[in-house]
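I opened the model to look up its strand pairing, its domain division and one record annotation. My notes follow.

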Amino acid sequence: MRQGERLRIDVTNGLDEETTVHWHGLRLPNAMDGVAYLTQVPIAPGETFTYEFDAIDAGTFWYHPHQRSFEQVGRGLYGPLVIEEPNPPQVDRDVTWVLDDWRLNRNGTISDDFAGPMDMSHAGRLGNTVTINGQVSGDFGVRQGERIRLRLINVANARFFALDFGGLGLRVIALDGQPVEPHTPPDGVVVLGPAMRADVMLDCPAAPRTRAQVVDRAYRDNEYRLLDVVYGDTALRDGPPDWDIALPDNPLAEPNVAAAQRHEILFTGGMMGAMVQRDLGLEPSRGMMGGMMTGGGMWFVNGVAAEGPMLDPFLTLERGKSHVLEMTNATAFSHPIHLHGHSFRVLSRDGKPTAYREWQDTVLIAPRERVEIALVADNPGDWMFHCHILEHQAAGMIGVIRVA
Ligand code: C2O
Ligand code: CU
């Protein structure tokens with residue numbers, strides 16, 4: 001898609017269960033957001049629903065069902081959605097990598113142990129096989145001096161990625177589809193929680209070079225080579241190009257932080273969560289064990305573990321005003337927290353201002369961490385707010401924020 005174009009998509013449900021399509025990260029009218037029961041009646045088997053909206057923001061987005069997503073996404077229902085800038089920065093190649101993992105049985109079929117209580121109460125359902133665009137490892141062919149815009153999308157239910165591109169020059173130019181001041185991340189590693197995206201500019205060295213590797217360092221005891229970078233015989237150019245890499249801004253309203261209304265959000269629950277809560281001097285949350293028995297609520301947003309479709313907002317944001325959400329993760333796990341219908345600035349972590357005040361739609365919060373985000377609530381409607389570890393979402397870590 002081109003920025004400013006109107007998108008019209010007929011979705012026909014060929015499954016034998018209900019589904020929807022959610023356009024992750026896009027700012028669109030509430031009725032087009034694709035959340036079953038909240039913004040639309042789910043699409044029944046055999047039925048068609050038409051989504052239609054304008055592509056306001058350029059960037060790297062994706063789409064996926066929002067009904068039993070822990071299984072529908074876990075089985076591969078998703079796709080990348082790229083909205084191009086009218087004048088994108090010049091590159092030699094524009095490449096998209098959709099990163100996923102799969103829990104495969106020994107015969108190669110997908111394990112059907114979705115929404116198991118162990119996965120739900122711990123780190124989510126991790127797979128045993130990682131793929132890029134559906135392929136297991138392999139070679140990534142590049143040329144000396146080549147500049148590549150690489151769009152990374154983590155569509156895994158629960159897996160984090162921490163990609164180390166070795167000797168390739170790397171600058172992040174967008175996060176979650178939104179431009180960010182071009183920068184090299186700490187240690188040159190790009191960290192993506194579930195649902196998060198990054199656009200990076202890769203500059204392949206012009207000096208003769210034969211092999212390099214892309215390594216995933218997300219799990220310390222299990223670093224592994226994701227791809228071999230293979231250089232072609234002929235150089236494309238003998239130095240990095242001097243083309244501009246910065247992206248034009250999207251039309252996002254700038255929150256007025258000083259005048260913003262402030263709201264606190266507390267995440268609790270999960271395995272070993274009681275310990276963290278005790279350390280932080282909080283009341284222990286009830287019901288986690290009950291949730292384990294019933295497959296229900298194990299994670300809590302402001303004390304509530306959602307069961308069934310969530311319809312009542314736990315927070316209302318005054319429309320058109322600036323708001324700061326102060327979020328505390330009083331659990332023993334990291335959570336990628338996603339708000340629908342808006343992008344927000346990440347202001348601070350544990351009281352320390354972030355380097356780039358990056359715009360995101362999904363923000364990673366480490367155990368015991370406090371993160372402040374700011375936004376202008378300019379998109380009316382009831383919007384989902386949840387952890388994008390899909391097992392956590394299914395086990396209660398989800399709520400509705402109303403903009404009115
Ligand atoms: Cu990627 Cu509630 O969504
Ligand atoms: Cu979570």
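Which order do the three strands of the open sheet have, and is the pairing parallel or antiparallel? I read the order as 2-4-5, with antiparallel pairing. Helices (H or I, at least four residues) and strands (E, at least two) are DSSP runs, numbered from the N terminus. Two strands pair if DSSP finds at least two bridges between them.

I noted the source conditions before going on. The model is predicted, local features need pLDDT of at least 70, side-chain atom pairs count only at pLDDT 80 or more, and totals for chains, interfaces and linings use all residues. Residues are numbered from 1 along each chain as its sequence is written, while chains are lettered from A and ligands numbered from 1 in the order in which they are written.

Strand 2 runs antiparallel to strand 4 (residues 59-64), and three bridges join them. I checked His22 and found that its bridge partner in strand 4 is His64.

**Domains.** I find the protein chain divided into domain 1 (6-83), domain 2 (93-231) and domain 3 (261-403); the bounds come from an automatic or database domain assignment. Between the C-alpha centres of domain 1 and domain 2 I have 24 Å. In contact there are 15 residues of domain 1 and 17 residues of domain 2, contact being C-beta atoms, placed from the backbone, within 7 Å.

Which elements give two or more residues to the side of domain 1 that touches domain 2? I list strand 4, helix 1 (69-72) and strand 5. Strand 4 gives the most, with four residues.

Strand 11 (residues 169-175) pairs with strand 12 (residues 178-183) in the antiparallel sense over three bridges. I see Leu175 bridged to Gln178 in strand 12. The hairpin has two residues between the strands, and Asp176 takes a positive phi near 50°.

**Record.** The unreviewed UniProt entry carries the annotation "domain: Plastocyanin-like" over residues 2-87, 94-207 and 307-403; such annotations may be inferred rather than shown by experiment. I computed 5% helix and 33% strand over residues 2-87, with end C-alpha atoms 10 Å apart. Over residues 307-403 I have 5% helix and 54% strand, with end C-alpha atoms 22 Å apart.

Conventions. Two residues are in contact if their C-beta atoms, placed from the backbone, lie within 7 Å.
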